[in-house]
Amino acid sequence: MAMDGYRGFLGLLVSALLVGFLSVIFTLIWVLHYRGGLGWDGSSLEFNWHPVLVVTGFVFIQGIAIIVYRLPWTWKCSKLLMKSIHAGLNTVAAILAIISLVAAFDFHNTLQIPNMYSLHSWVGLIVVILYMLQLLLGFSVFLLPFAPLSLRAFLMPIHVYSGLFIFGTVIATVLMGVTEKLIFSLQNPAYSTLPPEGIFTNTLGLLVLLFGGLIFWIVTRPQWKRPKEPNSILLQPNRSNPEGVEGSMAINFGNVDKSDSDLNNEAAARKRNITVDEAGQRSTM
């Protein structure tokens, strides 16, 4: 099935991938060139894993997971396969986010720096918890085949909205974290004097923000939504049909219709037989 505005979609997709990849590269350059490199010894080198893993997993990989349903080359793939890919990418992002938190807390504890006092840390921990709950909900309700279809239909709009809310909050948290790190680290020369590291890292923040904007634009265009599967109807609560919802539940009624038709034919045949029998009985009375 052809996608409306395919060239526009392809241009935005390539732009998003390029900007996201540049965000990861800029983060690596920042910590390797300006912040001394990477390590796992409780020092600032261990903390440097925090921005690298957050931008790589929580921003870039999560962004790809959000738009994976929109890729027209995957529309011929089964819905279960696409759900598995979506869940797998989000799982990788979650693992990287957890490791990034371990690196940050380990660094703070080693140097006896207080934990959880800044807005960045508050929002960051909250968004990680929400992300884990979102992942658990996705696995238990939408990936595993045990949840009732009515429950899936009810939770799907919430799942979609919360996913976008979490992603947007991650972008905001990254921007807060980058600013906080520069204010604490750049003393001579000060951050306010726009040293090269400050300019470079501000550019990183703009790339992350642009990547988030591109992902939001791609995922909110209704004409780029994955088409409904053939021989299926949507099951929505209160018979509503929200626009732009990814992964709506579809039930295949091809076999059901066939079975109903067979049952109707059998019932009609029985009715005819009964009518003939009754007519025969009346004729002999």
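Helices here (H or I, at least four residues) and strands (E, at least two) are DSSP runs, numbered from the N terminus. This is a predicted model, in which local features need pLDDT of at least 70 and side-chain atom pairs count only at pLDDT 80 or more, while totals for chains, interfaces and linings use all residues. Residues are numbered from 1 along each chain as its sequence is written, and side-chain values use heavy atoms, with hydrogens and water left out.

**Stop 1: annotated spans.** Select residues 12-32: the chain there is 100% helix and 0% strand, with its end C-alpha atoms 30 Å apart. Now try 125-146, which is 86% helix and 0% strand, with end C-alpha atoms 30 Å apart. Both spans are among those that an unreviewed UniProt entry marks as "transmembrane region"; UniProt positions follow the numbering used here, feature names are shortened, and annotations may be inferred rather than shown by experiment.

**Stop 2: a helix pair.** Show helix 3 (residues 49-67) with helix 6 (residues 149-185): their axes come within 11 Å and cross at roughly 150°. Axes are lines fitted to C-alpha atoms, for helices over the stretch in contact, and angles run from 0 to 180 degrees between N-to-C directions. The pair is therefore roughly antiparallel (angles under 35 degrees count as roughly parallel, over 145 as roughly antiparallel, 65 to 115 as roughly perpendicular and the rest as oblique). Which residues of helix 3 make the contact (heavy atoms within 4.5 Å)? They are Val54, Val55, Phe58, Val59, Gln62, Gly63 and Ile66, and their partners on helix 6 include Gly163, Ile166 and Phe167.

**Stop 3: Gln134.** Pick Gln134 in helix 5 (residues 119-143). Is Gln134 buried or exposed? Gln134 is buried, because its relative accessible area is 13% (buried means under 20%, exposed over 50%, partly exposed in between, using a 1.4 Å probe and protein chains only). Leaving out residues up to four places away in sequence, Gln134 touches His159, Ser162, Gly163 and Ile166.

**Stop 4: loops.** Go to the loop between helix 4 and helix 5 for Gln112, a non-glycine residue with a positive phi of about 55°. Gln112 is exposed at 73% relative accessibility. Met116 is in the loop between helix 4 and helix 5, and its phi is also positive, near 55°. Met116 is partly exposed at 30%.

Finish in the loop between helix 6 and helix 7 (196-219), where Pro189 is found. A cis peptide bond joins Asn188 to Pro189, with omega about 5°.

Definitions and conventions. Contact = heavy atoms within 4.5 Å.
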